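Me: Please walk me through the pockets of this model. Keep it brisk.
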Amino acid sequence: MAHDQSYKDRKFEVVGNRFKRPDGVEKVTGKARYGADTFAPGQLVGRILRSPHAHAKIKKINTAKAEKLPGVKAIITSKDLPDLTNGDIGLQNILENCMARGRALYDGHAVAAVAAVDEQTARKALKLIEVEYKVLPHVTDVDEAMKPDAPLLHDWIFTSGVDPKPTKPSNIAGRTEMGNGDVEAGFKDADVIVEKSFKTGQTHQGYIEPHACLASVNPDGSAELWVTTQGHFSFRNTCAALLGLDFAALKTTSSEIGGGFGGKTHVWGEPVALALSRKANRPVKLVMNRDEVFRATGPTSSTSIDVKIGAKKNGTITAASAELRYQGGAFPGPWAMLGCMTGFACYDIKNMKAVGWDVVVNRPKSTAYRAPSAPMAAFAIESTMDMVAKEIGMDSVDFRLKNVAREGTRAPYGPIYGPIGIEPTLEAVRDHPHMKAKLKKNQARGVACGFWFNIGGQTCTDLNIGTDGTVNLTVGTVDVGGARASLAMIAAEELGVPYDRVRVNIGDSASLGHNDTTEGSRGTFSSGMATIFAARDAIDVMKERAAKMWDIPVEDIVWENGVARATGKKHGNLPTLSLKEIAAKSHNTGGPIAGHNEITADGAGNGFASHICDVEVDPETGAARVVRYTVVQDAGKAIHLDYVEGQFQGAAAQGIGWALNEEYIYGEDGRLQNAGFLDYRIPVCSDLPFIDTKILEIPNPNHPYGIRGVGETSIVPPLAAVSNAIANAVGVRMTQVPMSPQRVLAALDDLDNAS
Amino acid sequence: MTDSTLVSTTINGDSIEFACPNDETLLDALRNRVGLTGVKEGCGTGDCGACSVTLDGRLVCSCLVLGVEASGREVGTVEGLTTNGELHPLQEKFIEHAALQCGVCTPGFLVAAKALLDKNPDPSETEIRYALAGNLCRCTGYDKIVRAVQATAKDMRKAKKKKG
């Protein structure tokens, strides 16, 4: 049944409040089961052997000694994962990333795997596997990898997007260009031009729960996979394709997920666990340790970005350009393209050009990390925006407002914006008491903006009403951080029942139609929409049942506040029928009452945020500390206020970590030197202040409740907000994140030497 | 096969015996031999606090303690916070304040926060932040966690005063 997706202003009873999440008790008592928290009869322990080299030819793998170790039940190499991809280069890359095929492409690349009766035996077996490597020259830096004489990763990469097509392979996978107007002419019109180059370090999503799964393959080709994932349907499809299984035969269940942030959108160990189980004919549990998580999963790109912005003295930007170089690890990705699409998205710039270069290096395959690619572009561009404002002597918020994108502005990536929130967030920042708060010695304030697209996508949802009047809602997006609560609120709102009457279940891959991965801030937007429509279907059923119970035409019945009411003079004396009363009689009126919806949820509303950051810089050590922070973001419509605020706060904290501490450090040997939480330091409780939030609600016209995704946008501004604050505090413009104490101190020394 | 030791210990008030390989961590023993999977492994190197438990009342990372070291001692895990079906005030406040998103760090935070409040019923914000600095959370930015601990401390002080 087709439903009207468009926004209708209404008064909400349930939505927009703060309820206790339905899965709260399980999660505070330790009962909730995450990826590593389940067990199968006869299960084995799986472990993966990983390359210690950044780049090497694998000449020989000898597993004979390991196979003889008592308790070892299966050992696999790439030979046990034959290429069934039928030339699909995307799938081939995933396959090769899961298990090296003749070449190790980064430190941590899987080369073999073992399944054994216990952890101790599995570890011993790994040590007995003999791998003969021929070490090859490597490259881990994005700028180095682009040079003509750089060590080559793949002989099949010929730069796309350049004319004529290159005749030689290189590490440059693709060039992207987008823009509008005449940039050269625009720069000629400028009174002031600022040009600057920036670099950002590679960061990891840093979810606290390592990747974990329990795989079981039967000799008849049926299989089960329990896994911590953001998308059990796409995991099912990918694993089935790589293993040669039918989609329907591989029942995939998403466990509770201990953080994802984009890092659990793609498979790593899961096909390996399935292949081990197939070979051993027993269930195999494969849990990564933290070292493996850092070396072989996640991270986002490190980048190198040049920005040029020209403006009139009155603050109008006449032209802006950027060249963005993103490394995608050992396999090509869309990362620089996303940087091009997002970088200037907050502004209405007549003459704009962005050129992106996607580059491969000997590092783990990059994966989405919360608003992927946008924070780096925003760091470079929002830093330059502040420099231009300073040059022309204009307040940096006023300068942004002067050039701000509005409804009707063409986005850098093509479409015309509908109603968007960047201007209101900037106005809210300008008028916020935080902006007038006094600063102490060595403290200063910075502001920056951020954009993220948000997405919708394929969604399939079931709603079943029990004969006691309680409701089971089954969705196929995962609950990454409170989604069950938000979706229960939406179902309760539509049906007119109390919030605690609704229980939300995450359906496995065999119980619902395909659901796209929970990414792009789509969970509450898409499953919320499908829930509304499934509830409306169920209401239609209940109206029919009421018609039967009353023996009147269904056209004479309306649904209001959780009850069916007969309309018109003829039926005016009929009492209402509640959902509970109708459900109790359902066995006599046509059987179970259910609603269902499958939809490609188009029309995700863009997300915009503006942040205010106060830092204190210790001039002796160069250490910068965030002392006050405010997030202003447009949510479209906030369903559960706590969990919307929580997304803003968590995203800001990740951005602050990226700005100040976090970075992959590679040695000369191409090996990762800080693959642990001690040396890769994410923000701890004592590093941060309370993070204030302000939720704006500019309804998304393409959602019945006006919802926009809220999960990602607020990781975009912090890098520049922190940098702008540091620049205002100590007068140095940091051009590289993380802005670690040693980098700030070196910049302060340079400033001293120059003066 | 690694040598094993029969460990007799008290976990959440119950007497428990299990055979433990001598090189196995308390974390692995609790999860895989005793079935207490509320204790989480986030790093295995004592950096994230997801495996926080108490050993004779002292807060430790169970990944840095051997299973055999639990012999004759008292271990407290998140599973022991609930008494007679009643949630501990910290558990209540964590839910009420939305102090968890994904929830995987929550057991460790609860154990660490309880250890703090047992020692210091009236901690300042800074004291809370430093006491919980060994527990990593990647979802919340810690804001609502600190608020939940503050609210719990306040309520528990009030309740104690009332009890007198």
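Reply: Helices (H or I, at least four residues) and strands (E, at least two) are DSSP runs, numbered from the N terminus. This is a predicted model: local features need pLDDT of at least 70, side-chain atom pairs count only at pLDDT 80 or more, and totals for chains, interfaces and linings use all residues. Residues are numbered from 1 along each chain as its sequence is written.

Me: Which helices each supply at least two residues of the lining of the second largest pocket?
Reply: A pocket is an open set of points on a 1 Å grid over the protein atoms alone, where a 1.4 Å probe fits, with protein on both sides within 12 Å along at least five of seven lines; lining residues have an atom within 4 Å of a point. Ser521(A) and Gln647(A) are among the residues nearest the centre of this one. The helices are helix 15 (483-495), helix 16 (523-550) and helix 19 (641-660) of chain A.

Me: Where does the second largest pocket lie?
Reply: Domain bounds come from an automatic or database assignment. Two domains of chain A both give residues to the lining, so the pocket lies between domain 1 (24-32 + 456-601) and domain 3 (303-454 + 605-754).

Me: Which strand gives the most to the lining of the largest pocket?
Reply: The lining has 49 residues, with Arg47(A) and Asp28(B) among those nearest the centre. Helix 1 (26-33) of chain B supplies at least two of the lining residues. The most, 6 residues, come from strand 1 of chain A.

Notes. Chains are lettered from A and ligands numbered from 1 in the order in which they are written. Side-chain values use heavy atoms; hydrogens and water are left out.
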